[in-house]
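Trainee: I would like to learn how to read helices and sheets in a model. Can we work through one case?

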Amino acid sequence: GQGSRTGQELWRAQQDLPRAGRGKGPRRKPLALERTKGSEILFGVAPCWLALAQARRALFHLFLKESSGSGRPLRAELALQAAARGVPVLHVPGRELDTLCRGRPHQGVCLEAAPLPFKSLRGAEEPHLGDGESGSRQLLWLALEHIQDPMNLGALLRSAYFLGVDRVVASHRNSCPLTPIVSKASAGAVEVFDVYGTDDLQGFLKAKRAEGWEVVGTVSRPGDVEDVPVISCSEFRWDKPVIIVIGSEGEGLSLETQLQCQRMLAIPPGRALHPGIDSLNVSVASGILLHSICSQRRRHGD
């Protein structure tokens with residue numbers, strides 16, 4: 001009888017170890033209790049690293065995988081960076097990270113943080129064409145209408161940042177917010193690159209045209225466009241500040257937005273296309289278009 005009681009006590013003690021923060025048992029309950037209301041979980045090395053480095057959003061907890069292996073030195077650096085920011089660090093089993101980020105590829109790192117909102121165009125400091133900046137450097141902005149897939153949005157922002165786009169403006173309505181998936185797909189670019197939002201994309205484009213900017217739309221099938229000239233992206237000449245407008249994955253640009261464009265750009269295909277695969281993914285097409293335009297900046301030596 002005494003042996004049985006001792007065994008029961010040992011069993012109960014083992015069940016208490018995870019709650020005290022010891023051992024390798026499940027710790028889902030303590031992690032759930034530590035979550036800050038309204039927070040979200042960033043995952044992956046690049047998003048978490050850049051979010052910590054930039055501190056553009058409130059940071060609550062850094063979760064690192066308990067393990068040795070090749071990633072351990074990098075996770076140690078992340079822990080030091082978090083400590084310098086005053087962010088608590090928790091070392092947890094990999095299955096807890098899987099739960100935190102719902103099975104997405106976390107690379108042994110998750111970060112609890114406040115959501116990152118779009119920046120407001122209202123009151124934002126904008127370069128004016130008369131202040132000398134446009135004379136010394138070409139300006140290129142990217143406007144996004146109704147991009148709904150977070151993987152596409154992240155890839156778009158990564159390309160825009162890499163290729164030198166000066167500013168990104170997205171429509172609020174029917175658009176994906178700046179979620180952790182967007183941050184991961186952008187390789188953390190969203191943590192360092194301002195993304196502005198607007199409730200009136202057509203009004204924004206109209207105002208920029210009045211300031212002397214060229215507004216250029218994009219289209220996958222030139223035959224779908226009326227009343228706006230369509231040219232190949234290779235024919236476009238960048239001789240003034242320009243806004244490139246990208247439409248949604250399925251529908252492209254709305255008619256109202258098309259009518260705000262002075263020209264439309266298309267990517268000519270390299271072969272006769274089979275119906276059903278006669279267009280490019282929106283993020284891939286955007287990368288091609290942006291590179292075609294940004295290469296002119298390099299040729300001009302600006």
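Trainee: How many residues does helix 4 have, and how far does helix 4 reach from its first C-alpha to its last?

Mentor: This is a predicted model. Helix 4, residues 72–84, has 13 residues and reaches 19 Å, close to the 18 Å expected at 1.5 Å a residue.

Trainee: Which residues of helix 4 are buried?

Mentor: Start with the general idea: an α-helix has 3.6 residues a turn, so residues three or four places apart point the same way. Here Arg75, Leu78, Ala79, Gln81 and Ala82 are buried. Seen down the axis of helix 4, the buried residues fall within an arc of 165 degrees, so they line one face of the helix. Pro73, Leu80, Ala83 and Ala84, on the other side, are exposed. The cover over the buried residues includes helix 3 (45–54), strand 2 (59–65), strand 3 (89–92) and strand 4 (109–113).

Trainee: What is the order of the strands in the open sheet of 8 strands?

Mentor: In general, strands of a sheet pair through backbone hydrogen bonds, either parallel or antiparallel. In this sheet the order is 5-8-7-6-11-9-12-10, with parallel pairing. Strand 5 (119–120) and strand 10 (230–232) are at the edges with a single partner strand each, so one side of each lacks a neighbour in the sheet. Helix 7 (residues 150–163) packs on the sheet, touching strands 6, 7 and 8, and its direction makes about 175 degrees with that of strand 6.

Trainee: Where is the pLDDT below 50?

Mentor: Over residues 1–28, and the pLDDT also stays under 50 over residues 129–136. The chain average is 83.

Technical notes:
Residues numbered from 1 in each chain as written. Predicted model: local features only at pLDDT ≥ 70, side-chain atom pairs only at ≥ 80, totals over all residues. Heavy atoms only, no water. pLDDT = per-residue confidence, 0-100. Contact = heavy atoms within 4.5 Å. Helix = DSSP H or I, 4+ residues; strand = E, 2+ residues; numbered from the N terminus. Expected span 1.5 Å × (residues − 1). Buried < 20%, exposed > 50% of the residue type's maximum accessible area, 1.4 Å probe, protein only. Arc of directions from axis to C-beta. Pairing = 2+ DSSP bridges. Axes fitted to C-alpha atoms, helices over the stretch in contact; angles between N-to-C directions.
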